[in-house]
There are 2 protein chains.
Amino acid sequence: MSEQELDERKKKILHAIIKNYMETGEPVGSRTISKYTDLNLSSATIRNEMADLEELGYILQPHTSAGRIPSDKGYRFYVDHLIEQKDREVSEMKEFVIEHTEKMERVLKQMAKLLANNTNYASIITAPQVHANKVKFLQLSNVDSSHILAVVVLEGNIVKNKIIDVEEPIDNEQMLKLNILLNTNLTGLSIDQINLGTIAVLKEKAGIHSNIISDVLDAVAEAISEDEDLEIYTSGATNILKYPELSDSGRVSELLTEFEEKNQLVSLVTDRFSEEENTGIQVYIGNEAPIQTMKDCSIVTATYELGEGVKGTIGIIGPKRMDYENVMDNLKTLKAQLDGIWKKPKS
Amino acid sequence: MSEQELDERKKKILHAIIKNYMETGEPVGSRTISKYTDLNLSSATIRNEMADLEELGYILQPHTSAGRIPSDKGYRFYVDHLIEQKDREVSEMKEFVIEHTEKMERVLKQMAKLLANNTNYASIITAPQVHANKVKFLQLSNVDSSHILAVVVLEGNIVKNKIIDVEEPIDNEQMLKLNILLNTNLTGLSIDQINLGTIAVLKEKAGIHSNIISDVLDAVAEAISEDEDLEIYTSGATNILKYPELSDSGRVSELLTEFEEKNQLVSLVTDRFSEEENTGIQVYIGNEAPIQTMKDCSIVTATYELGEGVKGTIGIIGPKRMDYENVMDNLKTLKAQLDGIWKKPKS
DNA sequence: GTTAGCACTCGTTTTAAAAGAGTGCTAATT
DNA sequence: AATTAGCACTCTTTTAAAACGAGTGCTAAC
């Protein structure tokens, strides 16, 4: 059906229109296509085909006597069927050098910048979510007479810490016991598995000091689950100023604010329903995006995975006429490099 | 001299011009002033005075037959002599509620946002610099067979940590000794005081394991001095789009990029030569700012102090016609609240 | 010293005309 | 039956000219 909706020639013309519009950002006319393609058809013929394509909803006219621009449906068709699957070796672009020892935060910021520079669009990247990640090591220490330091190490060597106020210090022997208690009971549990019930049991076992210990355990739990507030790094937001269709002063303000606030961007990261099975890459065109203010944009995201259900997202936001091919390539490469990068060597 | 340069009437007129220009952003003409002030002078007289003010460099004409706008010198005079020192009680504006227990980073981000919202300009805020801060507590632990966790607590309970790769684990006894060694030798030292010499001595003392210990010590030093890269938080960068004189597409792009990169903003924070003695507030007007791209902006900064030489900076960046009075008030209030807020109760 | 009056300047707004790009349709061509 | 040349028509963009208007500087009168 939709297979037959467009014959080969129409596809070629549509392709040509989209390609051309991507480059110029201007509506493209029949004469341009007539010369641009190797179809050797007169502009009149192209005009007829274009009329058909418009009727079918793949392209539209900003106004009478202007050329055509791709509609959302047109872009969608392009992304789904027209992009050549070059399947070029993933590492064609220069490899990003990732120092394993670097702080994750720094690496991600760097990646975002790289992606933005490479594509000339805005980029977004989130730290891996550690919900399913497990506690590996845990330690309390006396810092001074009124503060205890709690440190938690998760699989993947993510470290969390918290300073706890206490009225009186815990003596070293108690502290040692407490540490053993905590480690034996919590090690190997994922964050989801540590619930209030577990904590209650622990408090029970701790016996004396249970008032102090109560604080301590609460603090530990808090420290562990603290990264609910998902860090989002962006870069190259100002790139959107390069695309006239996005930079009329009304839009631009909304968009840039969106990037600054980052509130809504979360929805990009959590929304994974439409994830394409094979590539792990999702494309939102115009209104398909879960963010209303970005209805004039396209968004391409990829999910990288560190194994064990620990996932993060990288993405690109740009005008609808973005260079999907290049963007998807870039994301694929980066995804490949990120996948599993922080996975501990063997542990 | 400069005392006598402007008589009372000229001051009044200059004040009126600046006030009016601040509100409207449009060049202001003689007739406007004639009505706006209580001087009861005709526009002709005002014109004469304005000609004088222009000759003296306090105001200028965008083009013949336009009204006058304040020059940098004019703004400077306004800020130095014309603002009424209301000296209103600092806490007139609603108190910011600061939870002492909150993570510092979160508080600062919140502050930046608040400041931006209150003023409608862009805000900038830096975490306190801890150069002069002292090491309070320090601990190494075995996380697993190939990783050691190093945790350092500084005065003010700032916690740094680092995971160190090792070939073979250190046994518990050794670890205990090492911890004692580190704590006895480093506690109480400021970061500036821990130099390579100190480290060399430590390595010496450590004796056996010195190859592993070497790694460990390097890592500790690195962890401690890691915050060289001064975090800068900004908010409300998009506010500059509200001021036409800044938002012609060339400027706006440069400015916003500046905010995104944050590279040059550092100079705002480190440049403290011109700090005003009494208020601790600095005002850069136009070219006075250390950042070239912001030559059409004014910048107001305040330095807050947590005691013991630990300082941070808060600031506002906006158009030259910014509401200096309001901005300075806001900064004063915030500074007052920030001063010493994280100072440990007694320790 | 102040002010009314007026000619003059220069940016902005308005209006009209011309240019240009592209279409849709018809009739001729292959 | 598909393609194409030709042409009238539409609608935006560009250009040019005119009118407007805000504000000044100067002169002469108060």
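In this predicted model, 19 residues surround DNA strand C. The closest are A:Gly29, A:Ser30, B:Ser42, B:Thr64 and B:Ser65. A residue is near a strand if its C-beta atom, placed from the backbone, lies within 6 Å of it. Elements that give two or more residues to this surface are helix 3 (30-36) and helix 4 of chain A, together with helix 4 of chain B. Helices (H or I, at least four residues) and strands (E, at least two) are DSSP runs, numbered from the N terminus. Helix 4 of chain A provides the largest share of the surface near DNA strand C, 4 residues. By class, that surface has 6 nonpolar, 10 polar and 3 charged residues. Ala, Val, Leu, Ile, Met, Phe, Trp, Tyr, Cys and Pro count as nonpolar, Asp, Glu, Lys and Arg as charged, and the others, Gly among them, as polar.

Residues are numbered from 1 along each chain as its sequence is written, while chains are lettered from A and ligands numbered from 1 in the order in which they are written. Because the model is predicted, local features need pLDDT of at least 70 and side-chain atom pairs count only at pLDDT 80 or more, whereas totals for chains, interfaces and linings use all residues.

DNA strand D has 19 residues around it, of which A:Ser42, A:Thr45, A:Ser65, B:Gly29 and B:Ser30 come nearest. Helix 4 (43-56) of chain A gives two or more residues to this surface, as do helix 3 (30-36) and helix 4 (43-56) of chain B. Helix 4 of chain B gives the most to the surface near DNA strand D, with 4 residues. The residues of that surface divide into 6 nonpolar, 10 polar and 3 charged.

Helix 4 of chain B also packs against helix 2 (residues 8-24) of chain B, at an angle of about 90° and with the axes 10 Å apart. Axes are lines fitted to C-alpha atoms, for helices over the stretch in contact, and angles run from 0 to 180 degrees between N-to-C directions. The two helices of chain B are therefore roughly perpendicular to each other (65 to 115 degrees). In helix 2 of chain B, B:Arg9, B:Lys10, B:Ile13 and B:Leu14 meet B:Ile46, B:Glu49, B:Asp52 and B:Leu53 in helix 4 of chain B. This contact has 4 nonpolar, no polar and 4 charged residues.

Between the chains, 23 residues of chain B are in contact with 23 residues of chain A (C-beta atoms, placed from the backbone, within 7 Å). Strand 4 (135-144), strand 5 (147-154), strand 6 (158-165) and helix 10 (249-261) of chain B each give two or more residues to the side that touches chain A. The largest share, 6 residues, comes from strand 4 of chain B. The copies meet through the same surface, because 100% of the interface residues of chain B are also interface residues in chain A. A rotation of 180° with 0.1 Å of shift along its axis superposes chain B on chain A (RMSD 0.2 Å). That is the relation of a two-fold axis. Superposition is by least squares on the C-alpha atoms of residues with pLDDT of at least 70 in both copies.

Chain A contains 12 helices and 10 strands. Buried residues make up 36% of its 347 residues (20 or more other C-beta atoms, placed from the backbone, within 10 Å of a residue's own). A:Ile69, in strand 2 (residues 69-70) of chain A, is buried, with 21 other C-beta atoms within 10 Å.

Conventions:
Two residues are in contact if their C-beta atoms, placed from the backbone, lie within 7 Å. A residue is buried if 20 or more other C-beta atoms lie within 10 Å of its own, exposed if 12 or fewer, and partly exposed in between; C-beta atoms are placed from the backbone. Angles under 35 degrees count as roughly parallel, over 145 as roughly antiparallel, 65 to 115 as roughly perpendicular and the rest as oblique.
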